[in-house]
Amino acid sequence: MTDATEKYAFFLIGNTFEHVKPKDAPWDKTKKYRKIHKWTIYLDVVEGNRQVVAQVKAIMGMGEGRDWVKVENRPKEVTIDGKLRWRFFESTQSTYGPIRIQFDITGIGGTTLRNTQYVIRPSNYEETDVHHFFEPKPAIPNSITPTELPSELSFRLEFVAPIPNTNNAFRAMSSTLANLDSRSLTGENLIDFYKKLVQNDHKELSSIELWPRVQVDLPFVAVCNDSFLLQSLIKIFQNAIKYEFAIDQFFNRRELKSNKEAVKGTTNKDKHDSLASCQSVQDLMETMLPEYSEGRSKFNILNSGATVEFCFGSVDPGSDVCSVVEFLTRFSVHFVNNTIRFRPPNNLKDSRTVAEARELLFQ
């Protein structure tokens with residue numbers, strides 16, 4: 001690739017089409033029209049430097065003022081007619097009429113190509129004219145910094161190691177963690193303490209298998225009534241089962257018991273409603289804790305509901321334990337904090353894929 005072409009990405013837009021028999025087609029929201037058209041719209045980078053494209057945004061609609069937007073930034077490899085492409089956008093839609101689409105492409109330097117129009121065709125169709133995107137600017141440096149931990153939430157970190165264990169560093173750290181008064185340190189000060197503790201014995205700890213757990217105390221337990229505590233816990237565990245399989249994509253939790261599978265119900269809505277119907281903390285524990293889990297489920301309730309515990313599978317020997325500790329802790333604390341601050345969540349539609357759930361988790 002020459003210097004002249006490394007700043008360009010060349011792309012094609014197309015769609016697949018399937019006509020659905022009216023008797024089999026679902027109704028639209030107005031209950032007036034059948035969605036007899038099923039389309040998959042895509043945008044593929046076929047030549048040039050795909051790495052200059054940071055994001056593809058599509059504004060889709062039927063010209064009736066009810067547009068919807070989808071953004072994608074994780075391309076995947078596809079092969080068409082024996083040639084490799086990078087699919088930067090793909091969306092399947094069922095409608096009663098044709099869709100008009102506007103693509104906006106953003107590059108790694110912040111340059112945006114707007115208003116690339118495409119009208120979907122009632123057939124398998126791909127444009128023959130190749131579009132091009134030019135990114136003249138260098139990549140914007142990654143300046144993402146972690147969101148600061150809330151100081152009003154106290155939390156604790158525990159490690160479980162295989163028994164028998166003779167590792168001196170592990171025993172010393174476990175003893176220190178057990179005796180730490182978490183009320184004296186909160187937020188960023190507490191996580192800094194954990195990181196320093198792990199760093200001191202990083203080499204020794206990296207040689208053994210560790211099972212981390214993060215325990216987050218609810219901040220209002222001492223001043224609120226039982227009803228408020230219960231509703232907060234219900235929201236936390238509705239989100240926990242809603243995103244359980246998405247969270248599993250990031251953390252090794254294969255050997256832990258599933259809370260989602262423990263909750264009665266066939267669909268996601270059934271399970272969501274089952275948690276919402278709980279009348280006490282004890283009722284909630286019996287609903288969402290797997291039978292005979294003995295503390296080895298992915299989420300636990302401790303201290304009569306005052307504490308939520310996040311359990312994670314083993315950290316592979318040789319990992320950067322310090323970075324793992326920080327990531328797990330920040331994830332757990334923000335998960336609790338964001339959930340209790342907002343309204344009760346909706347259930348996840350059964351049609352959602354794990355990848356889509358993963359995107360929703362971090363929105």
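These legends describe close-up views of a predicted model.

Local features are described at pLDDT of at least 70 and side-chain atom pairs at pLDDT 80 or more, while totals for chains, interfaces and linings use all residues. Residues are numbered from 1 along each chain as its sequence is written, and side-chain values use heavy atoms, with hydrogens and water left out.

View 1. Strand β7 covers residues 100-107 and strand β8 residues 112-119. Strands (E, at least two residues) and helices (H or I, at least four) are DSSP runs, numbered from the N terminus. The two strands pair in the antiparallel sense over 6 bridges; pairing requires that DSSP finds at least two bridges between them. F103 stands opposite T116 in β8. The hairpin has 4 residues between its strands. In the turn, G110 has a positive phi of about 100°.

View 2. E135 sits in the loop between β10 (131-134) and β11 (155-160). E135 is buried, that is, under 20% relative accessible area, with exposed meaning over 50% and partly exposed in between (1.4 Å probe, protein chains only). E135 has no salt bridge; that term needs a side-chain nitrogen of Lys or Arg within 4 Å of a carboxyl oxygen of Asp or Glu. The nearest side chain of opposite charge, K137, is 5.9 Å away. Here Lys and Arg count as positive and Asp and Glu as negative; His and the chain ends are not counted. What joins the side chains of E135 and T111? A polar contact of 2.6 Å. Such a contact is a pair of N or O atoms within 3.5 Å; within protein, one must be able to donate a hydrogen and the other to accept it, and residues adjacent in sequence count only if both atoms are side-chain atoms. A polar atom of the E135 side chain also lies 3.4 Å from the backbone nitrogen of G110. Leaving out residues up to four places away in sequence, E135 touches K7, V52, G107, I108, G109, G110 and T111, with contact meaning heavy atoms within 4.5 Å.

**View 3. E126 and its partners.** E126 is found in strand β9 (residues 125-126). E126 counts as partly exposed because its relative accessibility is 25%. Its side chain makes polar contacts with the side chains of Y42 (2.8 Å) and R85 (2.7 Å). E126 and N15 are 111 residues apart in sequence, yet 6.4 Å apart in space, C-alpha to C-alpha. A network of salt bridges links E126 with D44, K76, R85, R87 and E90.

**View 4. The R87–D44 salt bridge.** The side chains of R87 and D44 meet at 2.7 Å, N to O. R87 lies in strand β6 (residues 83-95) and D44 in strand β2 (residues 37-48), 43 residues apart. Both R87 and D44 are buried.

**View 5. The E309–R213 salt bridge.** The closest N and O atoms of E309 and R213 are 3.8 Å apart. E309 lies in strand β14 (residues 307-311) and R213 in strand β12 (residues 211-217), so the pair ties together parts that are 96 residues apart in sequence. E309 and R213 are both buried.

**View 6. Helix α9.** Helix α9 (residues 321-341) has 21 residues. Its span from first C-alpha to last is 30 Å, close to the 30 Å expected, where the expected span is 1.5 Å times one less than the number of residues. The helix is mostly covered, with 16 of its 21 residues buried.
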